Amino acid sequence: MNYSFDIPPSKDKLRQMRRFVTEVLQKHQVTELETNMMVLAVDEVCANIIIHGQPEDSNDYVRIIIEVKKQGIWFEIIDKGAAFDILKYNEPVLGELIKSKQKGGMGIMLVKKIMDEIKFKSSKNQNSLRLYKKVDF
Amino acid sequence: MIEIHKDIENNYLLITVEGEADASSAIHLDNSIKESIEEDHKIILVDCTKLNYISSAGLGVFMSHIGEIEEKEINFILFGLSEKVMNVFNMLGLDQLLTIKSNKEEVLAGI
């Protein structure tokens, strides 16, 4: 079964997306702890797209598709902004972040820690990031 | 959506955080913590009992003040984190960098 949700390009709308993803995962009896981790990973990716990938006046929605399989869940996040391949991103070292008092950089670390598989594809019109998490249903 | 209250109780400042600390709301948490550090409180407790969600933006707020907390020798303690919120701190090892206690009683017994 597939589920999809279109997020308007605003940080304030991330809550609605999180609620949607949470409800879908609960419907499939995913534990609260695992649900929170997957919601977090998707939230981090969508926040990055909305904050860094899209022009401020963009009207393009970010689309998220959830595909529940027998042994896990695929999340696909599609946007039309600037391409950003998280697989090629070198995460900062935590100690350096503290020293420099920076607030960013941890989101992608979390996504990579949480997810079991990450695939990025960018074409002329859109970017697609696919995230897979194994689940014991 | 986040709600933050600040109260002075005895010899410490208590910051109560309710709701979600995400990319859109973490700025309010940041302002409040920044202000509290500037006010020169020596003991700052952050009650996270009603914090339902935290993303990297919220974690970043705590991370970014670690240096200053150490410099000013502030006793900065978080408590009451739910299992799922604690899990996010643990994933990046922030539980090793911040003082986190399970509840207010445990905090008060130690200060």
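What radius of gyration would a compact globule of 137 residues have, and what does chain A have? For that length a compact globule would come near 14 Å, and chain A, at 15 Å, agrees with this. The legends below describe views of a predicted model.

Figure 1. The model scores are ipTM 0.94 and pTM 0.95. Chain B has a mean pLDDT of 96, with 100% of its residues at 70 or more. Where pLDDT is low, predicted coordinates should not be read in detail.

**Figure 2. Chain A, built from 4 helices and 5 strands.** A box of roughly 40 × 35 × 25 Å along the principal axes holds the C-alpha atoms of chain A.

**Figure 3. Chain B, with 4 helices and 5 strands.** The order of elements along the sequence of chain B is β-β-α-β-α-β-α-β-α. Chain B has a radius of gyration of 13 Å, close to the 13 Å from the globule rule for 111 residues, so chain B is as compact as a globular protein of that length. The C-alpha trace of chain B spans about 30 × 25 × 25 Å along its principal axes.

**Figure 4. Close-up of α1(A) against α2(A) within chain A.** Two packed helices are described by the angle between their axes and the distance between the axes. Helix α1 of chain A covers residues 14-27 and helix α2 of chain A covers residues 32-53. Their axes are 10 Å apart and the packing angle is about 145 degrees. The crossing of α1(A) and α2(A) is right-handed. From α1(A), the residues in the contact are A:Leu14, A:Met17, A:Arg18, A:Val21, A:Thr22, A:Leu25 and A:Gln26. They meet A:Thr35, A:Met38, A:Val39, A:Val42, A:Asp43, A:Cys46 and A:Ala47 of α2(A). The contact of α1(A) with α2(A) has 9 nonpolar, 3 polar and 2 charged residues.

**Figure 5. Close-up of α1(B) against α2(B) within chain B.** Helix α1 of chain B, residues 26-38, crosses α2(B) at roughly 15 degrees, and the two axes come within 9 Å. The helices α1(B) and α2(B) are therefore roughly parallel to each other. Their crossing is right-handed. On the α1(B) side the contact includes B:Ala26, B:Leu29, B:Asp30, B:Ile33 and B:Ile37. On the α2(B) side it includes B:Ala57, B:Gly58, B:Gly60, B:Val61, B:His65, B:Glu68 and B:Ile69. Sorted by class, the contact of α1(B) with α2(B) consists of 7 nonpolar, 3 polar and 2 charged residues.

**Figure 6. The contact between chain A and chain B.** Chain A gives 25 residues to this contact and chain B gives 21 residues. In chain B, α2 (56-71) and α3 (83-91) each supply at least two residues of the side that touches chain A. The largest share of that side, 8 residues, comes from α2(B). The side of chain B that touches chain A is made up of 9 nonpolar, 8 polar and 4 charged residues.

**Figure 7. Close-up of α4(A) against α2(B), a helix pair across the two chains.** Helix α4 of chain A, residues 106-114, packs on α2(B) at about 125 degrees, with the axes 9 Å apart. That angle makes α4(A) oblique to α2(B). The crossing of α4(A) and α2(B) is right-handed. A:Met106, A:Gly107 and A:Leu110 of α4(A) make the contact with B:Ser56, B:Leu59 and B:Gly60 of α2(B). The contact of α4(A) with α2(B) comprises 3 nonpolar, 3 polar and no charged residues. B:Gly60 of α2(B) also takes part in the contact with α1(B).

How values were computed. Residues numbered from 1 in each chain as written. Chains lettered and ligands numbered in written order. Predicted model: local features only at pLDDT ≥ 70, side-chain atom pairs only at ≥ 80, totals over all residues. Contact = placed C-beta atoms within 7 Å. Nonpolar A, V, L, I, M, F, W, Y, C, P; charged D, E, K, R; others polar. pLDDT = per-residue confidence, 0-100. Axes fitted to C-alpha atoms, helices over the stretch in contact; angles between N-to-C directions. Parallel < 35°, antiparallel > 145°, perpendicular 65-115°, else oblique. Left-handed = near helix turned anticlockwise from the far one by under 90°. Rg over C-alpha atoms; globule rule 2.2 N^0.38 Å.
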